[in-house]
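Hi everyone, thanks for coming along. Let me put the structure on the screen, and then we can walk through it together.

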Amino acid sequence: MRRAVITASATAAGVVLLLSLKPHDPSTAAAISSSPATGGPKSSAGPTPSPSASSTNASGGTRTVTGNAVNTRYGPVQVRVTLDGSTISKIDVIQYPNRDRRDQEINSYAVPELNQEAMAAQNAHIDVVSGATYTSDGYTRSLQSALDRAAKK
C-alpha cells in the first residue's frame, strides 16, 4: 500500500513537472548592443540576418559578421560582431529569449554582462552568467561562430 502511494505521488509530481516546461516561441526575440550609444533592448522588427551576413566599409578594416542562431531551451540566441581589423569593437545580440517577464528579467542583466565580458576578453572564452546558463551558452557559441566566420574571410 505504501509503495502505491509513493509511486502515485512520484508520478503526479513528474506530470506536473512535464506540464510546467515551457516551449520557446522563436518569433519572440529582441536585440541588445555592446555599443555605449544604445540604450538597452531593441525590438527585432524585420527579418533576422542570415548567419553568413557580413559587410565591409570603404576602409576595408571594419566588418560585421553575424553568428549562427543557437537554439537554447528557452529560445534562440544570436550575435552580430563588428570588428576593426582583428579587434572586436561592437557586439549586438540580435536574438535572445524574452518571451515572458522572467526571461526579460534574466536577460536584461545577463546579455549586457556577456557583452562586457566578451568585449574585455576579445574572444568567446568568457564566464557563464549565474542564473543565465542557457543564454550564456548560446551567446558564446554564436559569438564563436561569428569569430570563426570572420577569420575565414
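Two words on the ground rules. This is a predicted model, so to speak of local features we need pLDDT of at least 70, side-chain atom pairs count only at pLDDT 80 or more, and totals for chains, interfaces and linings use all residues. Residues are numbered from 1 along each chain as its sequence is written, and side-chain values use heavy atoms, with hydrogens and water left out.

Let's start with the hairpin. Strand 6 covers residues 75–84 and strand 7 covers residues 87–95; they run antiparallel and are joined by seven bridges. For the terms: helices (H or I, at least four residues) and strands (E, at least two) are DSSP runs numbered from the N terminus, and two strands pair if DSSP finds at least two bridges between them. As one example of the pairing, L83 has I88 in strand 7 as its bridge partner. Two residues sit between the strands of this hairpin, and in the turn G85 has a positive phi of about 70 degrees.

Now have a look at Q78, which lies in strand 6. Is Q78 buried or exposed? Q78 has a relative accessible area of 1%, so Q78 is buried; here buried means under 20% relative accessible area, exposed means over 50%, and partly exposed is in between, with a 1.4 Å probe and protein chains only. The side chain of Q78 makes a polar contact of 2.8 Å with the side chain of Q95. By polar contact I mean a pair of N or O atoms within 3.5 Å; within protein, one must be able to donate a hydrogen and the other to accept it, and residues adjacent in sequence count only if both atoms are side-chain atoms.

On to the core. The largest nonpolar core has 22 residues, and V79, V81, L83, I91, Y139 and L143 have the most contacts inside it. Strand 6, strand 7, helix 2 and helix 3 each supply at least two residues of this core, and helix 3 gives the most, with five. Such a core is a set of buried Ala, Val, Leu, Ile, Met, Phe, Trp, Tyr and Cys residues joined through side-chain atoms within 4.5 Å. If we leave out residues up to four places away in sequence, V81 touches, among others, V65, I88, L143 and L147, where contact means heavy atoms within 4.5 Å.

How many salt bridges does the structure hold? There are three, each defined as a side-chain nitrogen of Lys or Arg within 4 Å of a carboxyl oxygen of Asp or Glu. In one of them, D92 meets K90 at 3.8 Å, N to O; D92 is buried at 8%, whereas K90 is partly exposed at 26%. Another joins R102 to E105, with the closest N and O atoms 2.9 Å apart, and both residues lie in helix 2, three residues apart, about one turn of the helix. D137 and R141 also pair, at 3.2 Å, N to O. Those two are four residues apart in helix 3, so about one helical turn separates them.

Last stop: Q122, in the loop between helix 2 (101–121) and helix 3 (133–152). Q122 is not a glycine, yet its phi is positive, near 60 degrees. Most residues other than glycine have a negative phi. Q122 is partly exposed, with a relative accessible area of 29%.
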